[in-house]
Amino acid sequence: MLLVGLTGGLGAGKSTVARMLADRGAVVVDADDLARRAISPGTPGHRKVLEVFGEGVVDEDGSIDRRALAGVVFEDPAARRDLESITHPEVFRLLAEEVERRRETNDVVVFDAALIVETGFDESTDVLVVVALDPALQLERVVSRGMDRAEAEARIAAQALPGEREARADEVVRNDGDLADLERQVDALWERLRREAAARG
């Protein structure tokens with residue numbers, strides 16, 4: 001099995017690359033899905049979020065209002081660290097379960113996560129893939145999807161600097177061009193990942 005970390009800044013196109021890799025046969029594990037599971041009703045994470053952040057981040061059905069919670073933590077670095085201390089251990093536990101199930105296969109397991117470099121998890125992956133693009137274009141893409149510019153700037157600032165991310169990458173996918181260019185890059189990346197996974201088997 002080959003464990004691939006897939007990351008990139010907000011709006012860089014990481015999720016698009018993840019979908020393309022899944023279409024080609026990768027097993028994609030989405031950190032956002034794991035984070036939702038980590039704080040779903042009835043879990044210790046859900047109870048802890050209520051203790052730390054209060055009822056203002058809860059929907060009528062009792063689930064966590066992730067948008068309201070994001071609004072709180074992205075304005076307050078201490079609050080963001082509090083949330084990460086609740087969710088990150090559970091996310092990595094759930095990922096470890098998935099990895100263990102596939103340990104003896106030739107699968108390419110892609111962990112799609114925004115904060116791989118920031119958490120130091122890149123050191124636990126076999127290959128780190130970074131999706132990158134020009135920072136000005138990144139901001140414009142995020143704003144064009146409906147996010148307030150100030151909020152977009154704050155969220156981007158909370159992530160690793162693009163140069164730091166790319167310096168630690170084994171593979172960089174540039175997303176400054178069109179979709180056809182991105183498909184070509186992902187084709188080449190998939191062939192490299194598939195060969196490495198097969199070589200390990």
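A: A salt bridge is a side-chain nitrogen of Lys or Arg within 4 Å of a carboxyl oxygen of Asp or Glu. The model is predicted. It holds 22 salt bridges.

Start with Arg174 and Asp176. Their side chains meet in a salt bridge, 2.6 Å from N to O. Arg174 is partly exposed, at 32% relative accessibility. Asp176 is partly exposed too, at 34%.

Some salt bridges share partners. Glu98, Arg101, Arg102 and Asp107 are joined into one network in this way. Look at one link in it. The side chains of Arg102 and Glu98 form a salt bridge of 2.7 Å, N to O. Arg102 has 26% relative accessibility and counts as partly exposed. Glu98 has 15%. Buried means under 20%, so Glu98 counts as buried.

Now turn to Arg36 and Asp33. The closest N and O atoms of this salt bridge are 2.5 Å apart. Both residues sit in helix α2, which covers residues 31–38. They are 3 residues apart there, so about one helical turn separates them. Arg36 is partly exposed, with a relative accessible area of 38%. Asp33 also counts as partly exposed, at 38%.

Buried residues make up 42% of the 201 residues. Glu98 is one of the buried residues.

Methods. Residues numbered from 1 in each chain as written. Predicted model: local features only at pLDDT ≥ 70, side-chain atom pairs only at ≥ 80, totals over all residues. Heavy atoms only, no water. Buried < 20%, exposed > 50% of the residue type's maximum accessible area, 1.4 Å probe, protein only. Helix = DSSP H or I, 4+ residues; strand = E, 2+ residues; numbered from the N terminus.
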